[in-house]
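This report covers backbone geometry in the loops and the packing of the nonpolar core. Please have the sequence and the structure open while reading.

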Amino acid sequence: MRKLILIAVVAAFAAVPAVSALASTPATNVSITNNHFKPKTLTVKRGTRVTWVWHSFGVFHNVTVKSGPSKFHSANKGGGTYSHLFGKKGTYQLVCTLHRGMKETIVVR
């Protein structure tokens, strides 16, 4: 019985770092200002959460994957934020479908 209790306690403590590792997802921000994504090119590790932050309040933009390993599309927004967790490696070409010149490249390694 003592062995079972000891095994249960050791297993419980061993699981703590695994849970903590999941909670520490790398993150980075992209600014949306004056019809531009800043930075225009970004390289991140797989598993990174990228958050786009609207600084052009009242001017609507979106974040849309034009080409890449997976697709996503934010709503048209005039402020606030939008986040995406990059789970697949590759090169993502992003655009704002409302403004032709707004382009961004994100490379996920």
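## Loop between S1 and S2

Asn34 counts as exposed, at 59% relative accessibility (buried is under 20% relative accessible area, exposed over 50% and partly exposed in between, with a 1.4 Å probe and protein chains only). Asn34 lies in the loop between strand S1 (27-33) and S2 (strands are DSSP runs of E with at least two residues, numbered from the N terminus). Its phi is positive, about 50°, although Asn34 is not a glycine.

Asn35 is found in that loop between S1 and S2 too. Asn35 is not a glycine either, and has a positive phi of about 60°. With a relative accessible area of 32%, Asn35 is partly exposed.

## A cis peptide bond

The peptide bond from Lys38 to Pro39 is cis, and its omega is near 5°. Pro39 sits in the loop between strand S2 (36-38) and strand S3 (41-44).

## Nonpolar core

The largest nonpolar core has 19 residues, of which Phe37, Val50, Trp52, Val63, Phe72, Phe86 and Ile106 touch the most other members. Such a core is a set of buried Ala, Val, Leu, Ile, Met, Phe, Trp, Tyr and Cys residues joined through side-chain atoms within 4.5 Å.

Phe72 is in contact (heavy atoms within 4.5 Å) with Trp52, Val63, Thr64, Val65, Tyr82, His84, Phe86, Tyr92 and Leu94, leaving aside its neighbours within four places in sequence.

## Basis

This is a predicted model: local features need pLDDT of at least 70, side-chain atom pairs count only at pLDDT 80 or more, and totals for chains, interfaces and linings use all residues. Residues are numbered from 1 along each chain as its sequence is written, and side-chain values use heavy atoms, with hydrogens and water left out.

Technical notes:
Helices (H or I, at least four residues) and strands (E, at least two) are DSSP runs, numbered from the N terminus.
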